[in-house]
Amino acid sequence: MVTLQWVLVIASSLLLFFLSPKATTASAFFGGTRRERSPGMIALMSSLVISWLFAKSITNAANLGLAFGLIGGVAYAAYYLSFAVAGWVIYRMRTLGGFKSIHDFLSQRFGRGALILFSLLICFRLFNEVWSNTMVIGSYFGQPGEGAYYAAIAVFTLLTLAYSLKGGMASSILTDIVQMALFGVLLAVVLGAIFPKVDYQPAPILSSGAWTMATGGNLLLVAVLQSFSYPFHDPVLTDRGFLSSPKTTLKAFLWATPLGFICIALFSTVGIYGGLEGVSGQAPVEVAKLLGGPILLVMNLIMITSAASTLDSTFTSFSKLAIIDLGLGRKGEALAISELKQSGHSHRNVFVGRSAMAILVAAGTLPVFFNPAILSATTVSGAMVAGLAPVFCLWRVKAPPLSFWLSVGFGLLCGIIYAAGYWPESWALTTGKYSHLLAVTLIELAGCFGLYALGIIFQPVHENKGNPDGSKN
């Protein structure tokens, strides 16, 4: 069985490598163009959904289904409201504001300092994506501390890096379409193995768990609230908001919202079934073992597919952040995707972008040796970026740099206190798991919006000084 799992990892990665187009221009490597054409709606929607169907994401969905029943899966699926929020905001920023990227907006409105802080936040996000997804792959080969566990992580990561280096965003978009289709087929196979076990009756699944705050309701509310800030610190999502025309992009984001929700909710059925059977541990692994060897291989391939799609997007986004958004290859001169064709030194930019991918792999793999919890990669980083909610949701309100620093700073402070374990227990408004996360999220959002408004009061922005260059975006 282990031998077959190795075959799946290596064969699937090699297939994606040969399918990936070779990017020879900066617009293909960073902008995802193929034959000078931007991604269409179906391609963009598929890329969005599968890039968020992380290995850790679907593992978390199954584990939450195991712990709480249906509400656990629905709670985690609620994060997909982020697509609708981000899609609408980005559409309006592009059509009404004329902004060419998230970084363009931040730089014009709040200055270079805000741009640097934001970039550090998303670097932290991308850093988390590497270890949290590769650890899931390792868990199918062994336990932390075992050679097979680390070998699987190393081989999988390096093979994914190989095809990412080949084509950048062009590879990411194309392989995402393949991976999305494969995920749908594999999910159908898994569900097809589960439903006969419950006599084809949906009642045990639908009636599982209790719909209370203590048994999943806390996380459900957290997911809805964080959807107004969480998507904006994920460049894998926001980068795709500027690849195609505004209307095409908006359609892709809106369609991706229910599709992603359904995929996550359906996969949580794995954990719900595990709960009915009384399993414990990592739900996907234990349920796959319960269903037999072939399903274990299918589950393994699902994890490989979802982890690879996220990793290649993570590598590409980090590369774009370094070279395009921060302009590290051009002495700090940032460009928009639409300007890549006119930029010089195209080959040099691609070379530096590939080097950035390699650096992220090296840094992002280190945490696997310390065995961190994969769910923390989502919940903790989400708690730290609540300050982005007023920055982007109120983007049309003319606000000074002070508003940005007050809002983002307060969110970071609360998130760090929570992550360090010093959040006062007495501040919890509900009971049960995630009650403290809900408390910190509510306090953060109230405080961040209040401080954002306070900055405007103390440092009002005149209409003709909305941007550093005096323009009225």
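These questions and answers walk through a predicted model and ask what stands behind the words used to describe it.

Q: Why is T160 called buried?
A: Buried means under 20% relative accessible area. T160 has a relative accessible area of 0%, so it is buried. You can find T160 in helix α9, which covers residues 147-194.

Q: What makes the side chain of T160 and the backbone oxygen of F156 a polar contact?
A: A polar contact needs a pair of N or O atoms within 3.5 Å. Here the backbone oxygen of F156 lies 2.9 Å from a polar atom of the T160 side chain. Leaving aside residues up to four places away in sequence, T160 also touches A308, L311, D312 and F315.

Q: How do you know that helix α7 is largely enclosed by the rest of the structure?
A: Of the 9 residues in α7 (residues 102-110), 8 are buried, so the helix is largely enclosed by the rest of the structure. The buried residues are I102, H103, D104, F105, L106, Q108, R109 and F110. After α7 comes G111, with a positive phi near 95°.

Q: What covers the buried residues of helix α14?
A: The cover includes α4 (55-68), α8 (112-139), α9, α13 (246-277) and α15 (293-325). Within α14 (residues 283-291), the buried residues include A283, P284 and V285, and V287, A288 and L291 are buried too. G292 follows α14 and has a positive phi near 110°.

Q: Why is M213 called partly exposed?
A: M213 has a relative accessible area of 33%, so it is partly exposed. M213 is found in the loop between α10 (203-206) and α11 (217-226). Together with L81, L221, V224 and F228, M213 forms a nonpolar patch on the surface, with about 340 Å² of accessible area together.

Q: Is L219 buried or exposed, and how do you know?
A: L219 is buried, because its relative accessible area is 2% and the cut-off for buried is under 20%. L219 sits in helix α11 and touches L64, A75, Y79 and Y434, not counting residues up to four places away in sequence. L219 and L182 are 37 residues apart along the chain, and their C-alpha atoms are separated by 29 Å.

Q: Why is the pair of W52 and Y80 called edge-to-face?
A: The structure holds 23 aromatic pairs. In the pair of W52 and Y80 the planes are 75° apart and the centres 5.5 Å apart. W52 lies in helix α3 (residues 41-52) and Y80 in the loop between α5 (70-77) and α6 (81-97), so the pair ties together parts that are 28 residues apart in sequence. W52 is buried at 3% relative accessible area, and Y80 counts as buried at 2%.

Q: What makes the phi of Y200 worth a look?
A: Most residues other than glycine have a negative phi. Y200 is not a glycine, yet its phi is positive, about 60°. Y200 lies in the loop between α9 and α10, and at 62% relative accessibility it counts as exposed. Y434 also has a positive phi, near 70°, in a residue other than glycine. Y434 is in the loop between α19 (401-419) and α20 (435-458) and counts as buried at 11% relative accessibility.

Q: How do you know that R125 and E129 form a salt bridge?
A: A salt bridge calls for a side-chain nitrogen of Lys or Arg within 4 Å of a carboxyl oxygen of Asp or Glu. The side chains of R125 and E129 meet at 3.0 Å, N to O, so they qualify. R125 and E129 are 4 residues apart in helix α8, separated by about one helical turn.

Q: What makes R125, E129 and D234 one network?
A: R125 also forms a salt bridge with D234, with the closest N and O atoms 3.2 Å apart. R125 lies in helix α8 and D234 in the loop between α11 and α12 (235-238), so the pair ties together parts that are 109 residues apart in sequence. Salt bridges that share partners join R125, E129 and D234 into one network.

How values were computed
Residues are numbered from 1 along each chain as its sequence is written. This is a predicted model: local features need pLDDT of at least 70, side-chain atom pairs count only at pLDDT 80 or more; totals for chains, interfaces and linings use all residues. Side-chain values use heavy atoms; hydrogens and water are left out. Helices (H or I, at least four residues) and strands (E, at least two) are DSSP runs, numbered from the N terminus. Buried means under 20% relative accessible area, exposed over 50%, partly exposed in between (1.4 Å probe, protein chains only). A polar contact is a pair of N or O atoms within 3.5 Å; within protein, one must be able to donate a hydrogen and the other to accept it, and residues adjacent in sequence count only if both atoms are side-chain atoms. Contact means heavy atoms within 4.5 Å. Patches are made of residues with over 30% relative accessible area and no salt bridge: like charges are joined within 9 Å, nonpolar side chains (Val, Leu, Ile, Met, Phe, Trp, Tyr) within 5 Å. Accessible areas come from the Shrake-Rupley method with a 1.4 Å probe; for residues, only the protein chains shown count as cover. Rings of Phe, Tyr and Trp (its six-membered ring) pair if their centres lie within 6.5 Å; planes under 30 degrees apart count as stacked, over 60 as edge-to-face and the rest as tilted.
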